[in-house]
Amino acid sequence: MWARLKYLTLISLVFFIVGVFYGVCDGKISVPGFLQPSEASAKDIILNNLRIGGVIIVAGWISGGLLSNIIILGNGYLIGYVISYVTAFYGMDSIYRGLLPHFFFELLGLLFCATVGSFSARILWKWLKNKPQEFSLIIKDGLTLLACALLMIVIAGFIEGNISRVTLQ
């Protein structure tokens with residue numbers, strides 16, 4: 001499965017990385033205290049990230065993966081913006097304690113959602129190549145990847161809600 005999906009996932013990762021770099025470059029704000037995170041429970045974080053994952057998937061299905069990657073780009077931009085702002089005013093410790101513990105799980109979950117979102121283009125491609133026998137394999141891959149995405153999002157939300165709490169002071 002991973003061999004069949006690695007390129008779709010890598011495309012989404014490239015969009016995310018471009019967004020992060022753009023956000024870091026654009027994120028210099030001269031007003032300390034501009035960004036004040038609010039406390040949220042792990043349940044609230046998980047539900048929010050599941051909604052975002054759902055939007056990524058549906059938007060991708062509608063657009064053949066284009067909108068899912070644009071959302072991933074925007075998510076990367078926000079992460080880069082926050083990294084730039086927080087490091088400028090609060091130092092790297094807040095990034096280490098607040099972002100890194102849950103970052104990789106959340107990123108994997110959202111990248112997997114973007115990959116599932118691009119499956120409509122994959123199905124169309126197989127249909128144009130007259131290979132309908134591969135549709136069941138695509139569905140199986142999609143369900144497996146969706147289960148992995150849900151697991152990653154739940155793990156990330158639990159970590160973010162219980163371990164990654166950082167107060168910016």
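**Overall layout**

Read along the sequence, the pattern of the protein is α-α-α-α-α-α-α. This is a predicted model, where local features need pLDDT of at least 70, side-chain atom pairs count only at pLDDT 80 or more, and totals for chains, interfaces and linings use all residues. Residues are numbered from 1 along each chain as its sequence is written, and side-chain values use heavy atoms, with hydrogens and water left out.

Me: How many helices and how many strands does the protein have?
Reply: Both kinds of element are DSSP runs, numbered from the N terminus: helices are H or I with at least four residues, strands are E with at least two. By that rule, the secondary structure comes to 7 helices and 0 strands.

Me: What percentage of the residues in the protein is buried?
Reply: Buried means under 20% relative accessible area, exposed means over 50%, and partly exposed is in between (1.4 Å probe, protein chains only). The protein has 169 residues, and the buried share is 38%.

Me: What share of the accessible surface belongs to carbon and sulfur atoms?
Reply: Accessible areas come from the Shrake-Rupley method with a 1.4 Å probe; for residues, only the protein chains shown count as cover. The surface of the protein comes to about 9,500 Å², and the carbon and sulfur share is 72%.

Me: Which residues does Ile79 touch, leaving aside neighbours within four places in sequence?
Reply: Contact means heavy atoms within 4.5 Å. With those neighbours left aside, the partners of Ile79 are Phe16, Val20, Leu99 and Phe103.

**Aromatic pairs**

Me: How are the rings of Phe16 and Phe103 arranged: stacked, edge-to-face or tilted?
Reply: Rings of Phe, Tyr and Trp (its six-membered ring) pair if their centres lie within 6.5 Å; planes under 30 degrees apart are stacked, over 60 edge-to-face, and the rest tilted. The count by this rule is 4 aromatic pairs. In the pair of Phe16 and Phe103, the centres are 6.0 Å apart and the planes are at 40°, so the pair is tilted.

Me: How many residues apart in sequence are the parts that Phe16 and Phe103 tie together?
Reply: Both Phe16 and Phe103 are buried. Phe16 lies in helix H1 (residues 2-26) and Phe103 in helix H5 (residues 100-117), so the parts tied together are apart in sequence by 87 residues.

Me: Why are Tyr77 and Tyr81 about one helical turn apart?
Reply: The ring centres of Tyr77 and Tyr81 are 5.9 Å apart and the planes are at 35°, so this pair is tilted. Tyr77 is partly exposed at 22% relative accessibility, and Tyr81 is partly exposed with a relative accessible area of 22%. Both lie in helix H3 (residues 66-90), and they are about one helical turn apart because their separation is 4 residues.

Me: Is Thr115 buried or exposed?
Reply: Thr115 lies in helix H5. Not counting residues up to four places away in sequence, Thr115 touches Leu5, Leu8, Thr9, Ser12 and Leu145. Its relative accessibility is 0%, so Thr115 counts as buried.

Me: Which residues does Thr9 touch, not counting residues up to four places away in sequence?
Reply: Thr9 is found in helix H1. At 15% relative accessibility, Thr9 is buried. The residues it touches are Leu111 and Thr115.

**At the surface**

Me: Which residues form a nonpolar patch on the surface?
Reply: Like charges are joined within 9 Å, and nonpolar side chains (Val, Leu, Ile, Met, Phe, Trp, Tyr) within 5 Å. Helix H4 (92-98) and H5 each supply at least two residues of the nonpolar patch. Together its members have about 410 Å² of accessible area, and they are Met92, Tyr96, Leu100 and Phe104.

Terms used
Patches are made of residues with over 30% relative accessible area and no salt bridge: like charges are joined within 9 Å, nonpolar side chains (Val, Leu, Ile, Met, Phe, Trp, Tyr) within 5 Å. A salt bridge is a side-chain nitrogen of Lys or Arg within 4 Å of a carboxyl oxygen of Asp or Glu.
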